[in-house]
Amino acid sequence: MSPRPCVESIPAPAFQWIFQRTVSGADDRGRYGSPEKGHPTMLTRLGRLAVRRSGAVLIGVLLVLLGLAAYGAGAQQDLDLARWSSPGTESVRAGDVLREEFGTGNPNLALLVTARDGDVDSARTREAARAFAREVERLPLVTDVTSYWDADSRALRGTDGRRALVLVRLEGSATEAREQLATLSPRLTRTTDELTVQVGGQEEISRQVGEQARTDFLRAELFALPAVLLLLVLVYRRATAALLTVAVGLLSVLGTLAGLRAIAQFTEVSTFAANLALVLGLGLGVDYSLFVISRYREERAAGRPGPDAVVRATAIAGRTVVFSGVTVAVSLCALLVFPFFFLSSFAYAGVLVVVTAVAGAVVFLPAALARWGHRVERPATRTSGFWHRTALAAMRRPLLAGAGVLTVLLLAASPLLGLRFGLPDERALPEGTSSRTTSEIVHEEFPAEPTDTIQVVLTKPSPKPLRGAPTEEPTTTAATRAYAAQLSSIPGVFQVDAPSGTYRDGQRTGAPGQDRLTATDGRVRLALVPTQEAMRGDVPALVERVRDTAAPDGVLVGGYPGETTDFRATLLDRLPLAAGFVLGATYLILFLMTGSVLLPLKATVLNLLSLAVMFGCLVWVFQDGNLSGVLGFTPTGSIEPSIPVLMFCVAYGLSMDYEVFLLSRIKEEHDRTGDTERAVAQGIRRSAPLITAAAGILALSFLSYATGGVVFLKELGIGTALTILVDATLIRVVLLPVTMRLAGRANWWAPKRLRRFRIREAAEPGPEQVLRREYV
């Protein structure tokens with residue numbers, strides 16, 4: 001009988017082999033022998049190259065940096081803005097028909113006209129308003145203008161008769177329309193002897209949100225960069241180390257901007273991805289540099305020569321950095337499951353940030369340490385400190401400590417049970433912003449919201465009337481008239497404009513309120529104007545009531561309410577897929593790193609707990625309005641869903657980032673001693689101060705966005721910062737040690753057939769490997 005084959009001799013899959021050769025010391029047969037016998041890893045080779053050719057590496061990095069800066073400087077001009085629409089949905093198909101067959105679409109600009117004499121129906125006001133509407137019709141990108149004075153619609157007139165609306169359709173992409181609005185908005189805002197005109201509407205609100213966000217990001221970065229540099233000086237106690245760390249962050253930022261511009265040549269990339277690159281590039285650059293420099297200092301404190309310390313820091317700390325980077329990149333790649341280019345853009349930015357930050361940490365930083373390492377070193381200091389004592393105390397009384405912290409975290413997460421998703425509106429802007437003020441006047445003084453008209457397109461042409469039939473309704477069938485009347489009876493619908501007239505509460509009340517309701521081929525559309533109460537309530541429910549109403553064959557329901565409803569539905573439908581991808585992929589990565597079945601599972605649960613705290617904070621603060629006065633925003637009673645999705649992917653990746661750092665050190669100690677409790681204590685003693693410093697610096701970068709005026713940025717900044725701090729303190733220093741203490745030896749268990757997939761520790765290069773003639 002032939003001997004039973006050894007599991008360790010089974011060839012590993014290709015992806016594992018690549019990872020093995022990058023971060024482990026495997027020889028050609030996949031076995032792990034002594035450092036002298038094993039093949040050096042790619043990271044070890046990078047460390048040696050950095051020591052041998054430090055000058056050439058630094059000059060090369062400098063040239064690359066200058067090239068990236070020159071190319072990335074023009075990134076913003078190649079990036080695009082987005083609208084709330086989901087490709088392929090009913091509302092988008094309705095919009096295509098409206099544009100191609102009717103020559104119109106959603107009225108995305110609202111001009112609020114106030115009569116100086118107090119009466120919009122006076123002859124003086126009417127003449128001036130009609131002249132103003134004709135002027136608007138001649139402006140660039142304007143394809144449709146509907147004014148109260150021409151349509152005579154009650155929905156376009158204020159209740160007290162002092163104000164009325166002119167609705168405008170701007171054709172073109174979001175980028176084109178908002179760039180044009182930057183010129184048109186100041187030009188249209190005016191006060192004459194007869195009229196006062198204010199600009200509002202969805203396109204103007206979105207434009208001002210974008211402008212405010214750019215201002216907020218710039219101010220935040222101008223604050224964050226010097227603050228981060230100061231904190232790094234305090235952490236390192238060496239200015240050179242702080243400057244090198246910031247240099248890695250800047251390399252990541254510039255590399256990401258250049259990469260985004262290159263990607264934008266082939267597909268749409270959102271302008272907001274560049275903003276994420278700023279904060280995430282700086283943050284990950286700091287994180288990765290902290291761990292490489294700390295390991296270098298540790299090796300030097302142990303008495304190893306500088307070249308040896310550089311290679312060991314690159315090989316050992318670099319392995320952790322690579323695993324961490326893959327984890328963050330995978331988490332952000334989950335955004336690719338959503339069919340919205342602005343979310344996909346964040347995935348592009350995340351992957352580019354990781355690649356450039358890792359490259360800076362394992363290529364540039366080792367070369368810099370080889371040259372200026374003596375300026376980075378500091379005398380050895382005690383590292384036990386507060387977090388070490390806290391972890392030991394928690395492990396002495398694991399049930400008590402774990403239950404106490406778990407109770408606190410669950411209470412903080414409890415508001416999550418009341419989460420309500422809603423749609424964005426003008427309250428995302430600070431009070432006093434011109435478009436918000438215009439929208440607030442419309443909400444207060446107009447009975448309906450004509451800028452949010454629901455467009456119902458009948459895709460089948462109506463039959464021509466019989467000879468001798470009444471000619472007042474030549475393109476309208478009885479079924480269409482009955483359908484319009486039925487739609488006008490739906491709660492939340494103020495009126496329905498149809499080719500046959502205007503309908504309210506199931507009855508025809510007047511002549512048509514809008515033009516272009518009939519296409520040249522006989523197809524018709526109906527314009528449903530919602531009430532103010534409906535647009536402040538459950539908009540998707542209103543859209544669904546319209547779609548559920550019995551209709552003639554071939555009906556498409558769109559308009560801005562339909563687009564936002566379909567956007568939210570698509571987002572929430574894809575959310576389980578994105579979450580499953582993140583959880584499954586990060587579990588696999590941690591398993592490859594630890595070789596344990598249980599440790600990745602515990603890490604996933606702990607990460608989800610910290611994210612629950614983040615979402616509880618979002619609900620308590622931004623949905624329910626607590627601290628709104630302090631933070632300077634207006635609560636809406638709901639959360640726009642795309643921001644939590646983005647925060648989930650970003651925060652989960654960053655939380656797992658610290659999990660990788662801590663588990664890597666714990667595993668290193670366990671492999672050396674075989675004692676789980678001692679390994680946890682020693683791992684926390686060595687890594688917790690660094691994790692706390694890195695988390696504090698990254699949290700500061702995100703918190704700087706809380707000073708902005710856009711609610712979305714406040715949510716992103718405060719929620720992500722809270723998650724990072726909770727994860728780096730209560731989760732990693734109390735709950736992680738407690739769970740590992742309770743699990744004991746089970747922490748490291750895995751079935752034999754799965755053990756071969758583990759990416760084993762790198763063979764640590766010894767002095768005889770490092771101090772060769774080429775270094776002398």
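## Structural report on a predicted protein model

With a relative accessibility of 0%, Thr125 counts as buried, since the cut-off for burial lies at under 20% relative accessible area. The model described here is predicted. Thr125 is placed in helix α6, which spans residues 123-137. Its side chain is joined to that of Ser122 by a polar contact of 2.9 Å. Leaving aside residues up to four places away in sequence, Thr125 touches Ala115, Asp117, Asp119, Val120, Trp149 and Leu195.

### The chain as a whole

The protein chain contains 27 helices and 11 strands. Of its 776 residues, 58% are buried. The chain exposes about 31300 Å², and carbon and sulfur atoms supply 59% of that area. Among contacts between residues at least 6 apart in sequence, 79% join residues at least 24 apart.

Strand β11 comprises residues 555-558, and both of its faces are covered. Val555 and Val557 are buried on one side, while Leu556 and Gly558 are buried on the other. In a regular strand, side chains alternate between the two faces of the sheet. Strand β11 pairs with strand β6 (residues 454-458) in the antiparallel sense, over 4 bridges. Within this pairing, Leu458 has Val555 of β11 as its bridge partner.

Helix α19 covers residues 539-548, and its buried residues are Val539, Pro540, Leu542, Val543 and Val546. These residues lie on the same side of α19, because they cover an arc of only 160 degrees around the axis.

Glu544 counts as partly exposed, because its relative accessibility is 34%.

### Salt bridges

Side chains of opposite charge can pair when their charged atoms come close. The structure holds 38 salt bridges.

| Salt bridge | N to O distance |
|---|---|
| Asp96 and Arg99 | 2.7 Å |
| Glu659 and Arg732 | 2.0 Å |

Asp96 and Arg99 both belong to helix α5 (residues 90-102), where they stand 3 residues apart, about one turn of the helix. Asp96 is partly exposed, given its relative accessibility of 28%. Arg99 is likewise partly exposed, with a relative accessible area of 35%.

The side chains of Glu659 and Arg732 meet in a salt bridge with an N to O distance of 2.0 Å. Glu659 lies in helix α23 (residues 642-673) and Arg732 in helix α25 (residues 711-743), so this pair ties together parts that are 73 residues apart in sequence. Both Glu659 and Arg732 are buried.

Salt bridges also link residues into a network. Its members are Arg295, Glu298, Glu299, Arg304, Arg312, Arg665, Glu668, Glu669, Arg672 and Arg686.

Notes. Residues numbered from 1 in each chain as written. Predicted model: local features only at pLDDT ≥ 70, side-chain atom pairs only at ≥ 80, totals over all residues. Heavy atoms only, no water. Helix = DSSP H or I, 4+ residues; strand = E, 2+ residues; numbered from the N terminus. Buried < 20%, exposed > 50% of the residue type's maximum accessible area, 1.4 Å probe, protein only. Polar contact = N/O pair within 3.5 Å; in protein donor to acceptor, adjacent residues only side chain to side chain. Contact = heavy atoms within 4.5 Å. Pairing = 2+ DSSP bridges. Arc of directions from axis to C-beta. Salt bridge = Lys/Arg side-chain N within 4 Å of Asp/Glu carboxyl O. Areas by Shrake-Rupley, 256 points an atom, 1.4 Å probe, with all protein chains shown as cover.
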